[in-house]
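Please look at the sequence together with the structure shown below. The paragraphs that follow lead through a few helices, strands and charged pairs, one region at a time.

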Amino acid sequence: MILAVLLSTTSPLSAQNSRAYIKEQIREWGSCRNVAITLTGGDLALNGKNAYAASGVPDGLLKALKELNDEGEFIDDVQLTEGGRWLILYGDNGFRWNDIPASLEKKLREYNENEEVVTSVTFNDKGGWIIISTEHISASNTGVYDWIEEGMDKYGALWAAHMTNEALILCYENGFRHSGNIPEKVKRKQGETNIDVYRIKFLSDGCYFIADKEGRYEYYM
């Protein structure tokens, strides 16, 4: 109910993209800072300063990743939706994107102009979005923003958020908040892990990735 304006019911998706290459690269690295995973739109993994491995992602995203890698930029996070929309967060507040919500683009440009250090951005194909910086939190509607603040009162600082078309997980300093259809496998992992979770990505089929700030990770994907 909290996320009614962000999320809507969609039909289950199948024909999952193969992740064999991504998982092989993660095993070779021995660590992994972050991933972007989808049901049908490709997957990628990030490690170190700007190492990446990608499979099945849009050509524009691949081109941008290569350019940032060649330029020696720190690639912090990548968001990728089922609809092929994507965003790269690099450096302190550098962004590259394709087809993101207009209201999100406007807010990101504001953060960039104010030189705010952005730590997390998430959005979906339904127009919902959340931005977290070291100074502020913004969301696509006030209901979600109020819900985020309630969680901060209970769990401390908000570190990261991940949103799909069906659900949302907020990752706080001392706990999590959920809304929508969160798979039981994902909920169990949050309760069982010994990792101090800083990042979380998940899908409606139960796949997940969690990692701490140092690149220690656990996944099911």
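Because they are four residues apart in helix H3, arginine 109 and glutamate 105 are separated by about one helical turn; helices here (H or I, at least four residues) and strands (E, at least two) are DSSP runs, numbered from the N terminus. The two residues form a salt bridge in which the closest N and O atoms are 2.9 Å apart, a salt bridge being a side-chain nitrogen of Lys or Arg within 4 Å of a carboxyl oxygen of Asp or Glu. The model is a predicted one, in which local features need pLDDT of at least 70 and side-chain atom pairs count only at pLDDT 80 or more, while totals for chains, interfaces and linings use all residues. Residues are numbered from 1 along each chain as its sequence is written, and side-chain values use heavy atoms, with hydrogens and water left out.

Arginine 109 counts as partly exposed because its relative accessibility is 45%, and glutamate 105, at 24%, also counts as partly exposed; buried means under 20% relative accessible area, exposed over 50%, and partly exposed in between (1.4 Å probe, protein chains only). The C-alpha atom of arginine 109 is separated by 19 Å from that of leucine 68, a residue 41 positions away along the chain.

Helix H3, which spans residues 102–113, lies across strands E7, E8 and E9 and runs at about 10 degrees to E8, where contact means heavy atoms within 4.5 Å. Axes are lines fitted to C-alpha atoms, for helices over the stretch in contact, and angles run from 0 to 180 degrees between N-to-C directions. The three strands form an open sheet in the order E7-E8-E9, with antiparallel pairing. Its edge strands are E7 (118–123) and E9 (137–139), each of which pairs on one side only, and neighbouring strands of this sheet are turned by 5 degrees against each other on average, direction ignored. Strands of a sheet pair through backbone hydrogen bonds, either parallel or antiparallel; two strands are taken to pair if DSSP finds at least two bridges between them. Strand E8 (residues 129–133) is joined to E9 by three bridges, and isoleucine 130 stands opposite alanine 139 in E9. Helix H4 (residues 142–155) lies across E8 and E9, running at about 145 degrees to E9.

How many salt bridges does a search of the whole structure find? The search finds 16, and one of them joins the side chains of arginine 199 and aspartate 76, with an N to O distance of 2.7 Å. Since arginine 199 lies in strand E13 (residues 199–202) and aspartate 76 in strand E4 (residues 75–80), the pair ties together parts that are 123 residues apart in sequence. Arginine 199 counts as buried because its relative accessibility is 4%, and aspartate 76 likewise counts as buried, at 11%. A network of salt bridges links Asp76, Asp77, Arg199 and Lys201.

Strand E14 (residues 208–211) pairs with strand E15 (residues 217–220) in the antiparallel sense over four bridges, and phenylalanine 209 stands opposite tyrosine 219 in E15. Arginine 216 forms a salt bridge with glutamate 214, the closest N and O atoms being 3.5 Å apart, and both arginine 216 and glutamate 214 are exposed.
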